[in-house]
Amino acid sequence: MRYAILCYHDEAAVNALTREQDQALMADLAVVRAQLIAEGKLGPVARLMPTTAATTLRYGHAPVVMDGPFAETKEALLGFYVVDCATFDDAIEVARRLAVPRLAAGLIGAMEIRPVSVFHPAGAET
Amino acid sequence: MSDLAWIAAALNSARAQALGALLRYFRDFDRAEEAFQEACLRALRHWPINGPPRDSAAWLILVGRNAALDEVRRRTSEEPLSDDHPLPDQGDVEATLVERLDNAHYRDDVLRLLFICCHPELPATQQIALALRIVSGLSVKEIARAFLVGESAMEQRITRAKRRIAAAPVAFEAPGPVARAERLAAVAAMIYLVFNEGYSASGGETHIRSALCDEAIRLARLLLRLFPAEPEVMGLTALMLLQHARAPARLDADGAIVLLEHQDRRLWSGDLIAEGLVLVEKALRHCRPGPYQLQAAIAAVHARAARPQDTEWAEIERLYEVLETVQPSPVVTLNRAVAVAKVHGAAVALALIEPLADRLSGYFHFFGVRGALLRELGRAGEARIAFDQAIALANTPAEAAHIRLHLDRLIEDSAPRDPAEVVT
């Protein structure tokens, strides 16, 4: 069985880490990742940019692009995609395309487009 | 992480929201600060036992408010209460506050807190010191260190500034759209002042003072989280991220300024650049260009060039042209001239800056640029005069040293000239 492990933190506290603290944290996490790779358990890993870099596409009647992260509490996180796009507009366009079948199925919801700052493909360590 | 570390981090990240809300409630800065400190003390006692509350800011606001009210009651009844009387159940604390403390409230509370520091009668240095003390919660010692002054001098400066804002009228009702926009603009300018205070450092001070740049970026992100759809706040954040990204390459081992074109771009911080570029893209989607967005867009053009010769100077020239219409200033024109020199040659650029001579007669960079353009045109005698004027106006030893380098090159000019030579 594959599991997604989603990381939630107080963003202001993470932003307040000094560069040295942040690097030390990343180094500690790299050790855990290396163990998980050796155990054959680790899939792709991503660190996301701050929510201030996020944009949200809400789809209901017509899709609306809004600045900022997805902040409602009624909806739950049910899945995610990682896409590689040349521009931010491309990424929004991809989200729009992914919203189309959902809309057709009568679903309303949102897709948050958040840039990835660090990405490790499955089982690889750089 | 020890108890103390996570509590300190949680208190710090809730500080602006909690203090802002307490200020709205008490309408008195000292009382708000006392209430906040009391709430922090209680958090230190209760959080290690009960664990962190779901909403730290909401907890601190209610506990701080109740503590201050208890204090008033205690004083009026003169009835001593035990120091450790029980707190309301934590769950209730949060439930009562959940509806009242939505993002919109926090937003105006934090904005008000920042805006108070921007009092127009306060000189820039006092505004910055006040914001660092009140909003960022830095200690007087830390602020004094960043400003390279003694602790008691900084203490005095902050006390004076606080007295001044205590006497000033503050609007506590939620601001209307126009007032909110004005506050945002004033606060953005103040945050950029904090950044520049750190960015303008040179030599041995750099390491200490770059903490101010980090703090400015932290404040800008705080503002942007509260106002996620304001393109100028995105622009300001992006501008600082993109400038700060170059910090590791800006000074050489001797503390001398390394110009953009000579910087080792491999030292630039890729993370900060990536985030800055995203924010520029996001901001420009709004089609409401402002000075921060445009300056950020210019910084983005530099950031995208892997080598100096890859810089799209025509794009930079175009952006400065827009900036000139949005925010006309001789300094902007001077900067445009640098781009013009790259695209159309030094003669065109020189013609563009000659009319600025009167207004920029006391400006170091004007003579630096003028000298470089004259030199490029082979007018060595006039170039020397311009460089001498620049040295006389230099603000830091690093600036003067840089111009001397130009003068040295002037002497070497009998050798074939490097076409990729720097202009500023």
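## Basis of the values

Residues are numbered from 1 along each chain as its sequence is written, chains are lettered from A and ligands numbered from 1 in the order in which they are written, and side-chain values use heavy atoms, with hydrogens and water left out. Because the model is predicted, local features need pLDDT of at least 70 and side-chain atom pairs count only at pLDDT 80 or more, while totals for chains, interfaces and linings use all residues.

## The two chains

Chain A has three helices and five strands, where helices (H or I, at least four residues) and strands (E, at least two) are DSSP runs numbered from the N terminus. Along the sequence, the pattern of chain A reads α-α-β-β-β-α-β-β. Its C-alpha atoms fill a box of roughly 45 × 35 × 30 Å, taken along the principal axes. Of the 126 residues in chain A, 23% are buried; buried means under 20% relative accessible area, exposed over 50%, and partly exposed in between (1.4 Å probe, protein chains only).

Chain B has 20 helices and zero strands. Its 424 residues include 50% that count as buried. Among contacts in chain B with a separation of 6 or more, 65% are between residues 24 or more positions apart, a contact being heavy atoms within 4.5 Å. The corresponding share for chain A is 68%.

## A helix pair in chain B

Helix H6 (residues 124-134) and helix H8 (residues 151-167) of chain B pack at an angle of about 90 degrees, with their axes 9 Å apart. Axes are lines fitted to C-alpha atoms, for helices over the stretch in contact, and angles run from 0 to 180 degrees between N-to-C directions. H6(B) and H8(B) are therefore roughly perpendicular, the term for angles of 65 to 115 degrees.

Residues of H6(B) in this contact include Leu130(B) and Ile134(B), and those of H8(B) include Met154(B) and Ile165(B). By class, the contact has seven nonpolar, two polar and four charged residues. Here Ala, Val, Leu, Ile, Met, Phe, Trp, Tyr, Cys and Pro count as nonpolar, Asp, Glu, Lys and Arg as charged, and the others, Gly among them, as polar.

Gly235(B) lies in helix H11 (residues 231-245) and is buried, at 2% relative accessibility. Beyond its neighbours within four places in sequence, Gly235(B) is in contact with Ala283(B), Tyr292(B), Gln293(B) and Ala296(B).

Arg27(B) lies in the loop between H1 and helix H2 (29-50). Its phi is near 55 degrees, a positive value in a residue other than glycine, and Arg27(B) is exposed, with a relative accessible area of 52%. Cys287(B), in the loop between helix H13 (270-284) and helix H14 (291-304), also has phi near 55 degrees. Cys287(B) is exposed at 64% relative accessibility.

## Cavities

There are four cavities of 30 Å³ or more. On a 1 Å grid over the protein atoms alone, a cavity is a set of points where a 1.4 Å probe fits but cannot get out, and lining residues have an atom within 4 Å of a point. Grid points are joined across faces, edges and corners, and a volume is the space filled by probe spheres set on the points.

The largest cavity has a volume of about 100 Å³. Its lining includes Ala12(A), Asn15(A), Asn12(B) and Val135(B). H10(B) gives the largest share of this lining, five residues. By class, the lining has five nonpolar, three polar and three charged residues.

Definitions and conventions: On a 1 Å grid over the protein atoms alone, a cavity is a set of points where a 1.4 Å probe fits but cannot get out, and a pocket is an open set with protein on both sides within 12 Å along at least five of seven lines; lining residues have an atom within 4 Å of a point. Angles under 35 degrees count as roughly parallel, over 145 as roughly antiparallel, 65 to 115 as roughly perpendicular and the rest as oblique.
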